[in-house]
Amino acid sequence: MTDGRGLRLYAILYLVFLYAPILLLPVFALNDATIVAFPLSGFTTKWFGQLAQLPTLFDALRNSLIIAVSSSILATTLGLFAARASSRYDFAGKGPIMGLIMLPLVLPEIIVAMSLLMVLLGMGLNLAVWSVILGHTLICMPFAIAILSAAFQSLDRSLEEAAYDLGESRWSTFRLITLPLVMPGIVSALLISFTISMDEFIIAFFLAGAEPTLPVYIYSQLRFPKQIPSILALGTILVAVSVVLLTIAEYFRRRGIAKVGGKDTGGFL
Amino acid sequence: MTLAPNPLAAPAATLAATPRPTMIEFRDVHKYYGDYHALRGITATIRAGEFFSLLGPSGCGKTTLLRTIAGFEGISSGAVLIDGKDMQGVPANVRPTNMVFQSYAIFPHLTVAQNVGFGLRREGGTAAEKARRVDEALEMVGLKGYGARAAHALSGGQRQRVALARALILKPKVLLLDEPLSALDKKMREQMQVELIRLQRQVGITFILVTHDQEEALVMSDRIAVMFEGQIAQLADPEMLYRRPATRQVADFIGVMNFLPATVTSEAAGRIAIDVQGLGPCEIDAGQAPGALTGGAAEVGFRPETLTILYDGQTATDRETPGTIEEVVYYGDMTYYDVKLDGVDRPVRISMRNVFGRPVLDIRTRTRVAWSPGALVLFR
């Protein structure tokens, strides 16, 4: 099976190409030298310690958290309505409407960022945290809808009818049956949106005004060679947090599918 | 008897004396989906305490009609009455009906007891009282002691029973069953058929069953409405439906029916004289000819078991016709013969019970077939 061996080698090289640079992050973050180069000169945790002495870093972190929490809640809430509507009802223009909502998934972010910037400035508004929330909600929505649509589609419609038939109102049916059964999808959508917003750079760079987010702050610090090891330490923390959040999101998504006895039809992990 | 005793669950003898009151009434019900005419003027009544079936091929509108009773489908014109009240504008959650869904719709995140007791949430009464009613309902469907189990871990047959208990606990006036047995295997299905009949007699509630399985409908129902293309083709009890189908389509859908071309020669005083290809001239009762007849070309239908193959030495009590056996299909308890009667261009199917000492005949055997004009049905 020489063919199989060739493909396996290709797959391994591909994975190395993808993940080796990220693995270098913690390596140099723990290396006792300001210059990012081999050979390594010694083990240290001082770069992590130095992070604590950067006041602007904490401002950026606070901005990022406010933005990520707000935009993930907004995107998931709006996505919940859109996903339920698209999976339960047939209405005129459903295809084009859903297509337009999903479009930011493939639209170049820089185009989205530039057009938002022009519109907001044209309206005479001041850029701040809220404008980034707006942009991030826009780009997180397609992900939230994709996850929530899958959750609604694996939900048997007659479950809602059965609850209604047994005397519940539309709202209590939603609360008692629909919501618990799609809850894992909601948690998953929240976590994915949060992660996307935390990591996003282009929109934040264009729309943050004088209130930079963490990625924008990191970019600005890269100009100072002295700061690079600290930034690598910060990057290491961010990667670890992202991986943990995505794992939790995937866990909830799968548990949700298992709970309603559906079949796993994809997902982001 | 665990649900409320129902006066309608009285012995059959008293029911025959006093006709059952009407429970459901359809008055010229029409339903459109856009341009599609799903229900085309349904007019029918379903009596209280009856086991009623809506039977038809997929797409005939039987499920749509059931859902208009439940309130899940609105109607375009006409009226649906439950127990004398027009249901126009009455939403599903306040109608006196409960439904068993095709997928059972068991709430997967709740326990068996929580599922069964779901409908009691809005009712008054203490928790202990409700728990007692849940236990009773579970016992009624043979799931005593299953209350604490997780609903998603049940088998198909058990889900079915939970769905029944959940729908019956509210003591609805009408229980609607949407193809409830179609997901079960043959053995389980036959067992559940018997149990559903028993349950219906026990609680006395009007059961309305939707099915595409004619055998299931014949076995379980007091009366059956056969539907094609949004209309009721015939509404009758199982025996009438089988012996005197109103149209050729109904005859073809229910069981096996042989058809032979025939000519109506005269019609007088409740008797119709016909000439049937292969069988020859004979006289039938007007009751054997559903629908108005104008004379001329027609068709007769007859069931495989109304014909008998005569063995050597046997003679027909009524009429007999010679023919040749073209095909033999052996079923163990039965044998099906396809026999080409002399003067007929296509074979007719005859079923013979394999009683002890009666040999199975070979293909190409010349034989005589006994029949009776009284078993014929005439279609225009």
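1. pLDDT is the predictor's confidence in each residue, on a scale from 0 to 100. In chain B, pLDDT stays under 50 over residues 1–16. Where pLDDT is low, the predicted coordinates should not be read in detail.

2. This is a predicted model, in which local features need pLDDT of at least 70, side-chain atom pairs count only at pLDDT 80 or more, and totals for chains, interfaces and linings use all residues. Residues are numbered from 1 along each chain as its sequence is written, while chains are lettered from A and ligands numbered from 1 in the order in which they are written.

3. The model scores are ipTM 0.83 and pTM 0.79. Chain B averages a pLDDT of 89, and 94% of its residues score at least 70. Among the elements of chain B, the lowest mean pLDDT, 47, belongs to helix α1 (residues 12–17), and the highest, 97, to strand β3 (residues 51–55). Helices (H or I, at least four residues) and strands (E, at least two) are DSSP runs, numbered from the N terminus.

4. Chain A has 11 helices and zero strands. Of the contacts in chain A with a separation of 6 or more, 77% join residues 24 or more positions apart. The C-alpha trace of chain A spans about 70 × 65 × 35 Å along its principal axes.

5. At the interface, 17 residues of chain B are in contact with 18 residues of chain A.

Technical notes
Two residues are in contact if their C-beta atoms, placed from the backbone, lie within 7 Å.
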